Amino acid sequence: ASGRFSSAGLANCTRCTAGSFSNSGSSECSKCASGYYSEVASAVCTKCDSGSFSNESSAACVPCPSGHWSGSGQADACIPCDKGMYSLSGASTCKDCGAGTYQNQNGQSECTNCTRGKYTSLAGQNNCVDCEAGFFAQNQGEQLCKSCRSFFGERYTSKKGGYACDICTANFVMDTNAYDGPGTGCINSPCVLENDDGSITNKAYCEEGTVLRQLKVKKGYYRFTIDSTEVFPCTTVNCIGGKINSTLEGAADILCDTGATCPLCSVCQDQFFVGWGGKCWECSVGNAWIGPIICISIVFVAGIVAFCIRQRIRSFYHRNQQLIDEYTQRLTVLFVTM
């Protein structure tokens, strides 16, 4: 009978074991090929279903493991899913990763969400794409990036691959003390001055991405500390402005010319004195007498001028004494008669 065999000279037949088969009248059982299976005493081997496989002489087919597939049956092995795809156990085909997810390895059972700042709008991708500068993807698994300008206005932007609009555009500066999440903290008071005629004067170098504590003011302007949100024009000759404090310890003194200090660079430091034009000059052996000499010179010149004026007045009086006396007498008579 089918599924059985007998050796020469034996009266009884023996059943074929699982994983083998025989036709009627066979003297031995044959092995099932890979991709087939059989139970005990089978006359034929059966093909494995899609999503499963078998080796030679198998009694049953095995489901494909996760991340693999077999399609048409009769499989002797399962095929790994390609990048951008995945499958569960026993799959007859692999599925594309959905938009917002990716898979960059073969033979995987699941896809991974795009990280914040990245996106993919298409299915079946093996990587995610960085959001362009000025756009953001706040959450994982985003399918599109959103515009900073549309959501937060012209003051805010983002770097490439950003997940938040936390960078200020040109002519604005980030005040970290005022930052309270995306769309906050950008101010323009330290950057520009609106004149009475409606024109704009730039007071500082407010390039895209500038932070208040590292703000560099232009020459002729100053601010009191690195956290100051106001920038003022210099009003003294010793205020030169236009410096940046790399040590982040203070901003006022470093905007003063050599030898000058606060307030408003109007005071000379020790070992300096007020010289020509109000500038602070360093005291030294060579110039220690400059101040006294200047004062003495001014007094001397003033004395000469006063003496010259006195001499001219006396000369005028002597030349016109008679006329002056006559007018004096007339004025005296006029006041007496009144």
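Lys118 and Asp130 form a salt bridge, a side-chain nitrogen of Lys or Arg within 4 Å of a carboxyl oxygen of Asp or Glu, and their closest N and O atoms are 2.5 Å apart. The model is predicted, so local features need pLDDT of at least 70 and side-chain atom pairs count only at pLDDT 80 or more, while totals for chains, interfaces and linings use all residues. Residues are numbered from 1 along each chain as its sequence is written, and side-chain values use heavy atoms, with hydrogens and water left out. The whole structure contains three salt bridges according to the search.

**Lys118 and Asp130**
- Lys118 lies in strand S15 (residues 118-119) and Asp130 in strand S16 (residues 129-130), so the pair ties together parts twelve residues apart in sequence; strands (E, at least two residues) are DSSP runs, numbered from the N terminus.
- Lys118 has a relative accessible area of 27% and is partly exposed, that is, between buried (under 20%) and exposed (over 50%), using a 1.4 Å probe and protein chains only.
- Asp130 is also partly exposed, at 28%.

**Arg213 and Asp227**
- The closest N and O atoms of the salt bridge between Arg213 and Asp227 are 2.9 Å apart.
- Arg213 lies in the loop between strands S24 and S25, and Asp227 in the loop between S25 and S26, so the pair links parts 14 residues apart in sequence.

**Lys279 and Asp257**
- Lys279 meets Asp257 in a salt bridge of 2.8 Å, N to O.
- Because Lys279 sits in the loop between S29 and S30 and Asp257 in the loop between S26 and S27, the pair ties together parts 22 residues apart in sequence.

Technical notes:
Helices (H or I, at least four residues) and strands (E, at least two) are DSSP runs, numbered from the N terminus.
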